[in-house]
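Visitor: Could you take me through the aromatic rings here, one by one and with their surroundings? I would like a close look at that part alone.

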Amino acid sequence: QVQLVESGGGSVQPGGSLRLSCAASGGILYINVIGWYRQAPGKQRELVATITGGSLTTYADSVKGRFTISTDNAKNTVYLQMNTLKPEDTAVYYCNAEIKGSIFSSYRNYWGQGTQVTVSS
């Protein structure tokens, strides 16, 4: 069974940095898309950044130039380096991946349990 396990959340002052990690494990043949979403209190979950096919990156306009997504394909791990954090970045950050478990299966979508990021002075 595929699992996504996030780590690296926490509290930081405005202007600070955090690095999130998400490790995918279980029966994985291929990861098509992997990335990060976030959900602030009272708001809908929104895309933060994704990597498709191991190289094509997509970022929300609100984080461009501040956040960087990267992967370690050998470890099936995705990272989100977050710099110049703002109070509006406060949210629960979720890892998401579209994974093919075997040559006989179709792609399935998976979510991690979420990690809290709080930006406050």
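Guide: With 38% relative accessibility, Trp111 counts as partly exposed (under 20% relative accessible area is buried, over 50% exposed, partly exposed in between, using a 1.4 Å probe and protein chains only). Keep in mind that this is a predicted model, where local features need pLDDT of at least 70, side-chain atom pairs count only at pLDDT 80 or more, and totals for chains, interfaces and linings use all residues. Residues are numbered from 1 along each chain as its sequence is written, and side-chain values use heavy atoms, leaving out hydrogens and water.

Searching the whole structure gives three aromatic pairs (Phe, Tyr and Trp rings, the six-membered one for Trp, with centres within 6.5 Å; planes under 30 degrees apart are stacked, over 60 edge-to-face, the rest tilted). Tyr30 and Tyr107 make an edge-to-face pair, 6.4 Å centre to centre with 70° between the planes. Tyr30 belongs to strand β4 and Tyr107 to strand β10 (residues 107-111), so their pair ties together parts 77 residues apart in sequence; strands are DSSP runs of E, at least two residues, numbered from the N terminus. Tyr30 is partly exposed at 36% relative accessibility, and Tyr107 is partly exposed at 38%.

The ring centres of Tyr37 and Trp111 are 5.2 Å apart with planes at 70°, so this pair is edge-to-face. Tyr37 lies in strand β4 and Trp111 in strand β10, so the pair ties together parts 74 residues apart in sequence. Ring pairs also join Tyr37, Tyr94 and Trp111 into a cluster.

Finally, the charged end of Lys100 sits over the ring of Tyr107, 5.6 Å from its centre (NZ of Lys or CZ of Arg within 6 Å of the ring centre and within 35 degrees of the ring normal).

Technical notes:
Helices (H or I, at least four residues) and strands (E, at least two) are DSSP runs, numbered from the N terminus.
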